[in-house]
Amino acid sequence: MSINKDFEREIDRLFELQKKNVVRLRTSSVNDRIMKLKKLKEYIWANREKIQEVVYNDLRKPPEEVLLTEIYPVIAEIKHVTKNLKRWTKLQKVGTPVSLFGAKSFCRFESKGVVLIISPWNYPFQLSIGPLVTAIAAGNAVILKPSELSLNTSGYIKKLVADIFDESEVAVIEGDAEVAQKLLEKSFNHIFFTGSTKVAKSVLQKASEVLSSVTLELGGKSPVIIDEKFDIKEAAKKITWGKYINAGQTCIAPDYVFVKKELAGDFVNNLKHYIKKYYYSGSSERCTNYCSIINKRHFNRLKSVFDMTVKEGAKVCEGGWFIEEECYISPTVLTDVGKDSHIMEEEIFGPILPVLTYEGIDDVIEYINSKPTPLVLYVFSRDKRFYTHIINNVISGDCLINDVIAHYANHKLPFGGHNASGIGKSHGYYGFKEFSHLRSIMVQPKHTMIQLLYPPYSDFVKKLIRWSVKYF
């Protein structure tokens with residue numbers, strides 16, 4: 001959309017309105033914040049069928065999958081935050097050195113101020129409302145810009161926010177990349193962006209111009225390594241679910257799999273078995289309980305990557321069915337994929353799974369480390385020495401042993417990438433910290449030992465300074 005003057009003025013108005021409300025929100029009680037979050041939780045649950053409907057209209061995501069991946073994580077986040085917020089916000093007493101004897105030192109979390117949340121289209125409800133929960137918990141005013149690609153969900157989020165919050169606390173601004181760029185010109189106190197690494201670089205550049213702190217939740221090619229001693233059937237079962245939920249449009253989806261060469265055939269056969277079990281019902285040739293690709297641009301991108309990889313010699317062992325008018329891509333498995341093939345260059349972000357083979361684990365480690373840092377490292381092994389060796393030698397944002405995606409559901413764990421896969425952490429306490437300024441407070445008594453070191457520097461003061469430096 002093209003931004004007209006009226007729209008620009010509306011952005012300015014909301015930003016200034018929220019700036020004026022910063023002190024009130026910063027000093028708001030914990031009970032007040034908890035009340036708002038509980039009201040949000042009740043609204044979401046009461047309107048869950050509407051949320052299922054709008055997400056389906058954007059992605060054709062099955063209602064049960066919406067409940068599991070869009071609604072449940074947000075409700076669980078709210079429950080966790082409201083249960084622990086009083087403890088997180090307590091004034092924290094810290095130690096004071098002997099040289100400052102008599103002083104009392106504290107730390108406390110304060111809101112950062114007015115924050116901007118830019119959310120993506122792949123989990124349009126969860127990845128909008130999830131960060132909003134911890135931003136509110138920290139006492140911030142929030143402007144939320146949901147994705148323009150998931151129009152139905154974005155429109156509903158705007159209604160939800162307007163029904164619950166005053167616009168001086170939380171406001172939704174819809175629009176495309178031009179709107180996002182206009183918002184990024186404002187001096188937000190913090191920016192929380194979820195999306196691609198390419199766009200994140202632009203966000204980071206804009207943030208640097210106003211010295212705003214940032215959280216960047218990105219993606220990357222999250223690898224899976226299967227130990228030769230691990231149960232291939234169990235690995236295939238879990239990987240099938242994690243890869244093809246949301247049609248692979250998940251930042252933490254397994255991007256590619258390394259399996260021992262002699263076990264690759266067995267692994268692929270089990271993948272095919274579970275794909276049919278999970279996504280095909282009866283004699284249907286089309287997947288059920290399965291999501292669509294968001295739009296034709298992303299469909300064509302995936303089709304192009306697939307075609308190029310097959311042209312390079314990859315073998316299609318399962319799927320490979322593309323219907324452009326429906327943005328439908330069946331769950332697909334590729335073998336004989338070269339490490340330097342087209343599909344191994346960037347995050348796939350779709351329902352295509354390359355299966356690669358290995359002989360020595362150190363070759364796998366070397367390959368993964370030669371690429372940008374992945375968001376998640378997945379290892380299937382019961383041998384602690386095996387997976388510890390990999391953890392110690394492969395850098396990643398997060399790491400999960402013997403499963404995929406499941407760590408995201410633990411709100412007691414920080415979630416986030418490293419370097420190319422992200423900056424900062426989210427979820428629970430770590431999300432609360434991300435949206436908070438940790439402020440130091442020290443209270444001095446009238447007379448302090450440090451006053452003995454004030455000038456003029458007599459011989460006694462000089463000796464005292466040298467003695468203090470040496471012993472304190």
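Five elements each supply at least two residues of the lining of the largest pocket: helices H8 (177-184), H9 (197-210), H12 (296-311) and H13 (361-369), and strand S6 (190-194). Helices (H or I, at least four residues) and strands (E, at least two) are DSSP runs, numbered from the N terminus. The model is predicted: local features need pLDDT of at least 70, side-chain atom pairs count only at pLDDT 80 or more, and totals for chains, interfaces and linings use all residues. Residues are numbered from 1 along each chain as its sequence is written, and side-chain values use heavy atoms, without hydrogens and water.

A pocket here, on a 1 Å grid over the protein atoms alone, is an open set of points where a 1.4 Å probe fits, with protein on both sides within 12 Å along at least five of seven lines; lining residues have an atom within 4 Å of a point. The largest has a volume of about 1,500 Å³, that is, the space filled by probe spheres set on the points, which are joined across faces, edges and corners. Of its 50 lining residues, Gly195, Ser196, Thr197, Lys198 and Val199 lie nearest the centre.

The second largest pocket has a volume of about 310 Å³. Its lining has 17 residues, with Thr69, Pro73, Gln126, Ile405 and Tyr408 nearest the centre. Helix H5 gives the most, four residues.

Last, Met449. It sits in the loop between strand S18 (436-443) and helix H16 (459-471). Its relative accessibility is 33%, so Met449 counts as partly exposed, meaning between 20% and 50% relative accessible area (1.4 Å probe, protein chains only).
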